[in-house]
Amino acid sequence: MADQPADKKFFENLSGAGKAIGVLTSGGDAQGMNAAVRAVVRMGIYVEAKVYFIYEGYQGMVDGGDNIVEVSWESVSSILQVGGTVIGSARCKEFRTREGRLKAAFNLIQRGITNLCVIGGDGSLTGANLFREEWSGLLEELAQSGKIEEEAVKKYVYLNIVGMVGSIDNDFCGTDMTIGTDSALHRIIEVVDAIMTTAQSHQRTFVLEVMGRHCGYLALVSALACGADWVFIPEYPPEEGWEDQMCVKLSENRARKKRLNIIIVAEGAIDSHNKSITSEKVKDLVVQQLGFDTRVTILGHVQRGGTPSAFDRILASRMGVEAVLALLEATADTPACVVSLSGNQAVRLPLMECVQMTQEVQKAMDERKFCEAVRLRGRSFENNLNTYKLLSHRKPDTELPKDHLSCSTNFNVAVLNVGAPAAGMNAAVRSAVRVGITEGHTMFAVIDGFEGFANGQIKEISWGDVGGWTGQGGSLLGTKRTLPAKYLEKIADQMRTNNINALMVIGGFEAYLGLLELSAAREKYDEFCVPMVMVPATVSNNVPGSDFSIGADTALNTITDTCDRIKQSASGTKRRVFIIETMGGYCGYLANMGGLAAGADAAYIFEEKFDIRELQANVEHLTEKMKTSIQRGLVLRNENSNENYTTDFIYQLYSEEGKGVFDCRKNVLGHMQQGGAPSPFDRNFGTKISAKAIQWISKKLRETYRRGKVFANTEDSVCLLGMRRRNLLFQPVVELKDQADFVHRIPKEQWWLKLRPLMKILAKYKTSYDVSDSGQLEHVARHSPKEAETGAI
């Protein structure tokens with residue numbers, strides 16, 4: 001945490017000395033834009049570049065004057081948690097003319113700005129690219145008119161452009177998520193959860209209209225996250241006769257004692273003839289045909305507002321730092337690029353390739369080539385759509401698969417939760433049950449983990465039993481940390497009694513250990529020779545074989561929200577430092593990522609050793625900070641980061657050493673991190689990963705069914721399904737043993753440790769920064785229809 005020797009390669013090749021960077025936000029605002037602005041400013045200053053705010057987007061660039069202002073480190077303090085954009089955004093007709101761009105070029109040259117970081121949508125980024133292409137011509141024109149010297153033309157010969165996509169609609173091709181999308185989903189899901197309670201009271205149907213004039217991402221993902229009865233999106237219009245189909249489905253759901261119906265409509269929704277489908281039209285249809293009490297709620301600009309989610313803050317911070325690196329590495333021949341997210345990796349893509357594909361989506365929709373439009377949206381969008389179709393409509397029994405290679409009966413698949421509860425577990429169970437039933441299996445729920453399994457707490461679970469589970473926190477099945485080793489014989493008996501042909505375990509490190517024990521017990525018990533799969537679900541995010549676990553995002557948002565409130569209290573009292581203890585066992589994921597999302601000054605974790613000198617250096621760093629206008633501090637500590645340097649010890653040390661300069665407070669967040677309604681990310685991650693796990697089970701059952709019996713005893717029939725970098729992978733649990741630290745219950749290698757320096761840099765510490773993953777300009781991937789079935793989440 002203290003000053004470290006700087007990475008020489010980094011500073012020799014990437015020094016920003018003598019360079020000037022301008023940052024602007026343009027087009028519609030999106031939560032997280034301020035986090036991106038903050039990261040650009042602080043990373044720019046860190047590499048010794050001058051950084052300028054360009055207020056009011058391109059309008060400010062054209063108008064010049066006080067709209068272009070050099071900023072300091074402190075200029076971006078306290079903006080991380082603020083929605084919208086503090087530097088303003090405006091549409092600018094003048095910039096669309098050459099005369100307007102000439103004025104903008106003159107204003108930039110006056111300040112020596114030849115590096116632009118543009119945060120906006122495809123229109124804003126396209127405008128930036130045109131500006132870059134015209135740059136040398138604009139400078140020559142300015143020189144000819146005597147407005148700038150010929151020397152300036154030679155000195156500022158080319159303009160570098162790096163874009164970040166800020167758009168709540170997630171309508172830009174080339175990135176899995178745009179800045180603001182996750183926060184908009186939070187707003188939508190908060191409203192849906194609130195509406196569901198009132199709708200159940202009155203047996204109502206609610207039609208919700210969400211943003212998305214040209215892109216149905218928000219509508220589709222929120223429908224997936226809340227288990228909506230029907231969704232309308234522009235990329236995938238309903239078939240002819242949809243009116244009757246929808247009403248039949250709503251009636252069937254009511255007949256199954258479901259007290260409410262939710263229909264989600266994207267504002268740009270159309271039918272197969274490209275005619276608009278409005279929320280009012282849908283409401284009128286339901287009232288006329290079914291007579292249901294129906295209400296319309298139009299969310300409007302609520303979706304753009306509010307505090308950015310933890311995901312958006314981290315995404316924007318990573319993109320902002322990457323954007324500065326891209327600007328420093330750019331040459332005259334480097335095309336304008338956009339910093340994107342693929343899986344959990346930041347990548348750079350040629351800006352115009354992304355814009356071109358984004359425009360192709362609209363062209364495909366205009367030409368009514370809707371399958372092509374869905375494919376162009378990317379693997380993630382296609383996966384969402386396929387999963388929604390799987391889960392939303394129950395097939396009649398006559399259409400369910402019956403014949404499993406001459407098997408006269410269905411396969412029996414059991415689902416159980418193991419370990420501590422994690423938000424999103426219920427969404428995973430719902431998905432597993434419904435996909436399993438669709439695949440023709442009989443689904444069984446095991447109550448209270450392996451202990452309940454041994455005691456025979458197992459029951460068949462139906463499609464309707466899991467209705468409304470996506471928004472429920474905790475574990476409705478019940479969960480325990482107990483491992484199966486001491487119950488092997490009893491569990492085997494239950495497997496035999498209930499004829500269980502496959503097992504799906506949702507949980508954390510205990511679930512992983514449990515599957516290892518069951519796999520090892522195959523030598524003694526044939527009952528365990530069945531396909532088994534684990535889906536990672538733990539707030540600690542400490543499961544080997546997966547970069548993300550269900551529940552970690554919800555816990556991270558709880559930490560971030562709490563830190564925001566704590567920082568707010570400190571801003572009133574001044575000169576106060578808060579020490580916050582997070583959960584996670586020995587895994588520092590929550591402390592580190594919470595620190596990045598909340599703008600912490602330090603985060604102590606087990607994976608990075610620290611001593612008393614480092615603690616002292618942090619106190620001195622905070623002492624210096626108190627001399628500035630930012631008179632507050634935030635320090636996070638993972639619960640098991642060090643057995644001697646406890647939260648109490650650090651609190652007492654800071655209190656003593658900071659005496660007379662600042663005072664201290666401490667908070668132990670505890671089990672509130674495990675509770676609460678799951679975040680949109682956890683609902684969707686749990687839903688999609690479970691669907692894929694059950695499909696794998698079906699495949700394994702077909703492969704291992706011989707002579708009237710399922711028999712699977714190979715290593716690849718006991719797998720963990722995890723997200724690795726950009727893909728979802730099935731990995732035999734035995735093969736993951738080498739990647740696990742069993743003493744501390746963490747993976748030996750953890751991807752997020754690469755983000756440690758990023759948090760330190762943004763907190764004004766000198767540190768080395770690994771840029772080995774940076775600097776690779778990739779091309780926009782176009783996938784085949786089959787690719788959507790493999791890999792991407």
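These notes take the strand and then the pocket.

I worked from a predicted model, in which local features need pLDDT of at least 70, side-chain atom pairs count only at pLDDT 80 or more, and totals for chains, interfaces and linings use all residues. Residues are numbered from 1 along each chain as its sequence is written, and side-chain values use heavy atoms, with hydrogens and water left out.

6 of the 6 residues of E8 are buried, so the strand is largely enclosed by the rest of the structure; buried means under 20% relative accessible area with a 1.4 Å probe, protein chains only. In a regular strand the side chains alternate between the two faces of the sheet. In E8, Asn261, Ile263 and Val265 are buried on one side, and Ile262, Ile264 and Ala266 are buried on the other.

Entry on its partners. Strands pair if DSSP finds at least two bridges between them. I found E6 (residues 205-210) running parallel to E8 with 6 bridges, and Phe206 standing opposite Ile262. E7 (residues 230-232) also pairs with E8 in the parallel sense, over 3 bridges, with Trp230 opposite Ile263.

Entry on the pocket. By class, I read the lining of the second largest pocket as 9 nonpolar, 15 polar and 11 charged residues, where Ala, Val, Leu, Ile, Met, Phe, Trp, Tyr, Cys and Pro count as nonpolar, Asp, Glu, Lys and Arg as charged, and the others, Gly among them, as polar. The largest share of this lining, 5 residues, comes from H5.

How values were computed. Buried means under 20% relative accessible area, exposed over 50%, partly exposed in between (1.4 Å probe, protein chains only). Helices (H or I, at least four residues) and strands (E, at least two) are DSSP runs, numbered from the N terminus.
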